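Reader: Could you help me look at a structure? I would like to begin with a single residue.
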Amino acid sequence: MMIAFRPKLLDTLPGYDRAGFVADLSAGITVGVLALPLAMAFAIASGMSPTAGIWTAIVAGFLISLLGGSRVQIGGPTGAFIPILYAIVVDYGVANLLVATMMSGAMLLAMGAFRLGNMIRFIPLSVVIGFTNGIAVVIFISQIKDFLGLQIERLPGEFFARIEALASHLHTIHIPTVLLACASLAVLLGWNRLAATRYPWMRRVPGPLAVLIIATAVNAALALPVETIGSRFGGIPQSLPDFGLPELSLGTLGKLISPAITIALLGAIESLLSARVADSQIDDRHDPNQELMAQGVANIVAPLFGGFAATGAIARTATNIRTGGRTPVAGMIHAGVLLAIVLALAPLASHIPLATLAAIVVVVSVNMGEWHAFAPRELSRYSIQYRTILLGTFLITVVFDLTLAVEIGMVLASLFFIYRMSDLTRIERIALEEHYGVEALSREDGSPRILAYRISGSLFFGAANKLENLLLMQQGHPDAVILDMGKVINIDTTGLDILRTLHRNLNKRGAALILCDLNPQPASLISRSGFRDTLGERYIAGNLTEALLRAQQCHGHDPEISYA
């Protein structure tokens with residue numbers, strides 16, 4: 001069932017006043033200037049031009065705010081995409097990255113339209129932390145080249161080849177670049193620390209913007225011998241980008257499906273996690289399906305302007321909230337501020353040192369990881385299953401790629417969940433003789449005439465082995481077997497098939513199977529499958545006492561019972 005397309009903006013417009021606009025204007029300007037250095041840095045780290053990053057932030061950021069399901073979400077390029085996008089650019093080229101982005105946008109749009117937004121929350125926390133920290137490590141490694149000024153034409157996308165390339169070119173380290181990168185890193189860390197502790201007024205200028213302005217001014221004044229946006233990319237055009245479809249090669253379209261799925265999956269996870277964090281800060285509830293549809297539209301449209309993959313950005317969203325933004329108008333203003341900066345100040349971008357942008361991305365990579373989760377003391381608090389999923393997802397993300405990491409992480413999580421659920425399923429024999437006497441329940445030789453078992457938990461494919469002893473009937477040859485299912489919360493088709501097999505085995509021995517105290521879900525499946533009719537109504541009892549009364553009639557002489 002598809003849902004109505006209703007952006008959150010429509011809910012905020014009634015009652016929107018001048019005070020609200022002033023707050024959104026202030027927040028939009030702040031987030032806009034913060035987004036400028038991040039957009040350029042993330043684009044360069046992804047193998048794209050800084051111009052592509054800026055236009056991604058402008059176009060996608062505007063559409064995500066205009067059409068999204070969150071009041072305060074800020075969209076644009078993010079650090080989490082860097083390893084994925086860089087690998088696509090290396091393997092398939094820029095044009096195919098834009099195609100893969102549009103394909104991912106179509107997937108996100110479909111996910112939101114078919115109410116799949118809430119399913120993203122089914123991804124276990126161990127998988128999320130594992131691949132988030134893995135992405136942080138990959139991002140950090142990707143910045144070593146520009147941070148040290150290594151003379152490498154293009155870093156390989158594969159992990160071991162990248163490490164080998166970095167190690168083999170360490171002798172090309174450029175001292176002026178290293179000094180500028182370290183100075184930029186020191187200024188950035190110091191600015192953030194002072195703004196948080198001693199000088200609150202510094203918060204008005206985000207740390208990344210402050211270090212970008214300082215480094216650019218120093219480089220413009222002293223003409224430092226370091227690589228800049230101008231020397232590598234020729235600067236940023238002071239004009240609107242060309243509009244048009246990216247070049248499409250049908251031969252590579254099939255190969256782009258997997259990268260597109262990866263972009264869509266990561267975009268969905270990051271945007272909805274960001275929206276959930278924002279909800280807790282503004283006491284609101286976002287619409288996950290509407291948010292996914294907005295992300296989809298943004299990723300379809302942004303490549304038409306030369307942009308690439310975008311999603312909700314947690315850091316920019318948090319900044320938006322802290323500076324007073326409370327409606328999607330703030331996000332739309334942030335995109336307008338970026339547009340104004342490009343049209344007015346683009347020539348100055350030629351002096352921006354790439355070492356400074358690398359320092360900014362290094363800080364982003366360190367901050368995005370939840371490193372405390374890897375501390376031995378923290379890991380020891382959780383089960384071996386949790387640690388296996390967390391560390392396995394992390395290592396596969398770093399060494400291979402995110403898609404494989406999430407796939408294996410989800411498979412491991414599913415297998416461990418099945419194991420835990422099967423372990424919770426219990427089948428125990430009920431000592432009927434202790435409550436109802438021995439004579440009515442046993443034959444003259446002492447063998448049981450009626451056996452009863454209590455099943456608890458979920459009777460599903462993972463717990464099928466729990467019924468093996470019942471199928472073998474090692475307890476003798478009773479006239480009736482009662483299954484008390486009052487504590488069975490769920491049964492699947494495999495569990496139902498086991499019950500059918502048990503019924504057939506008992507019938508061959510002239511015995512009856514009686515089910516009692518069925519909960520709604522098992523009762524519904526048993527009825528819909530026709531197994532209730534196969535058993536007969538007299539073999540479906542309301543409770544154990546009623547089941548015993550019916551079992552006492554099962555001596556093999558009751559004409560109403562058919563064992564054919």
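Reader: Is Ile29 buried, partly exposed or exposed?

Author: Ile29 counts as partly exposed, because its relative accessibility is 41%; buried means under 20% relative accessible area, exposed over 50%, and partly exposed in between (1.4 Å probe, protein chains only). This is a predicted model, in which local features need pLDDT of at least 70 and side-chain atom pairs count only at pLDDT 80 or more, while totals for chains, interfaces and linings use all residues. Residues are numbered from 1 along each chain as its sequence is written, and side-chain values use heavy atoms, with hydrogens and water left out.

Reader: Where is Ile29 found?

Author: Ile29 is found in helix H2; helices (H or I, at least four residues) and strands (E, at least two) are DSSP runs, numbered from the N terminus.

Reader: Turning to the inside, which residues touch the most other members of the largest nonpolar core?

Author: They are Met40, Phe131, Ile263 and Leu357, in a core of 82 residues. Such a core is a set of buried Ala, Val, Leu, Ile, Met, Phe, Trp, Tyr and Cys residues joined through side-chain atoms within 4.5 Å. Helix H2 (residues 18-45) gives the most to this core, with twelve residues.

Reader: And what does Phe131 contact?

Author: Leaving aside neighbours within four places in sequence, Phe131 is in contact (heavy atoms within 4.5 Å) with Leu266, Ile269, Thr393, Thr397, Leu402 and Val406.

Reader: New topic: is Phe243 buried or exposed?

Author: Phe243 counts as exposed, at 58% relative accessibility. Phe305 is partly exposed, with a relative accessible area of 26%.
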